[in-house]
Amino acid sequence: MNVANSDQISDLSGSFRHSMSLLAGSVAVVTTVVDGRPWGMTITACCSVSAEPPTVLVSLAKNTVTAQMIEAQGEYGLCLMGAHGIETAKFAAAPGRPKFLDDAGHVIPGPASTPSVTGAIAHLDCAVSTKVDVEDHVLFLGRVRAVSFPTSGSPLVYGARQYQRIVPALQLVGTEAEDHALAYSAW
Ligand SMILES: Cc1cc2nc3c(=O)[nH]c(=O)nc-3n(C[C@H](O)[C@H](O)[C@H](O)COP(=O)(O)O)c2cc1C
């Protein structure tokens with residue numbers, strides 16, 4: 001597997017980044033509207049926070065258009081991506097590039113005011129309930145207003161600096177597990 005050699009990382013920032021590359025996470029695209037058009041950014045920093053009322057959290061770099069638009073509009077969409085959504089995830093992860101989802105045919109029409117994307121296996125329409133500034137990121141807690149399931153499939157995962165898909169661990173007993181990870185592309 002192509003991960004940095006942890007023995008060669010001496011500074012805290014480098015070792016922190018390396019440790020986080022080992023924290024695999026489900027890939028999501030957080031959506032908003034920019035100039036009246038659907039827009040999305042790829043993230044893994046999100047989680048469920050509360051079941052009653054249903055609440056989720058996303059962590060976004062403050063300097064992104066996405067974070068600024070969500071702050072202004074007070075709502076966002078959280079699209080949980082399937083493995084078949086890798087092209088949408090790659091499109092929405094390009095730093096410094098416009099992320100208009102309709103440009104590349106990555107948007108799914110729906111009733112919610114927050115956009116849903118192609119390759120999403122769940123779309124959570126959220127109203128921002130709390131905003132917390134933390135260093136260079138901002139946390140948006142979102143009260144879930146509606147949930148839909150645009151397509152079915154297994155989750156897209158990002159770990160060890162690669163997009164991956166889930167393989168049940170029991171299938172890997174007695175084999176070299178890393179050989180079985182289906183890596184799609186490097187970040
Ligand atoms: C798999 C993956 C996960 C990411 N997770 C996050 C995240 O949780 N929060 C974040 O702010 N950026 C995250 N990023 C980076 C953003 O997607 C990327 O920097 C963003 O598209 C840049 O936006 P900008 O062009 O508006 O600056 C992630 C990127 C990838 C490829």
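Q: Is Ser48 buried or exposed, and why?
A: Ser48 is exposed, because 11 other C-beta atoms lie within 10 Å; a residue is called buried with 20 or more other C-beta atoms within 10 Å of its own, exposed with 12 or fewer, and partly exposed in between, the C-beta atoms being placed from the backbone.

Q: What sort of model is this, and how are residues numbered?
A: This is a predicted model, in which local features need pLDDT of at least 70 and side-chain atom pairs count only at pLDDT 80 or more, while totals for chains, interfaces and linings use all residues. Residues are numbered from 1 along each chain as its sequence is written.

Q: Ok, which strand does Ser48 lie in?
A: Ser48 belongs to strand β4, residues 46–50; strands are DSSP runs of E with at least two residues, helices are runs of H or I with at least four, and both are numbered from the N terminus.

Q: And what does β4 pair with?
A: β4 runs antiparallel to β5, with four bridges joining them, and two strands pair if DSSP finds at least two bridges between them. A hairpin of four residues connects β4 to β5, and Cys47 stands opposite Leu57 in β5.

Q: Where does β4 sit in the whole sheet?
A: The open sheet has seven strands in the order β3-β2-β6-β9-β10-β5-β4, with antiparallel pairing. β4 is an edge strand, as is β3, and each of these pairs on one side only.

Q: What holds strands together in general?
A: Strands of a sheet pair through backbone hydrogen bonds, either parallel or antiparallel.

Q: Switching topic, how many residues are in the largest nonpolar core?
A: That core has 34 residues, and among those with the most contacts inside it are Val58, Leu78 and Met81; a nonpolar core is a set of buried Ala, Val, Leu, Ile, Met, Phe, Trp, Tyr and Cys residues joined through C-beta atoms within 7 Å. Strand β6 (residues 75–81) gives the largest share of this core, five residues.

Q: What does Leu78 touch?
A: Leaving out residues up to four places away in sequence, Leu78 touches several residues, including Ala28, Val58 and Gly142, where contact means that the C-beta atoms, placed from the backbone, lie within 7 Å.

Q: Last one: which residues come nearest to the ligand?
A: Of the 18 residues around the ligand, Ile43, Ala45, Ala61, Ala93 and Tyr158 come nearest; a residue counts as near if its C-beta atom, placed from the backbone, lies within 6 Å.

Key
Two residues are in contact if their C-beta atoms, placed from the backbone, lie within 7 Å.
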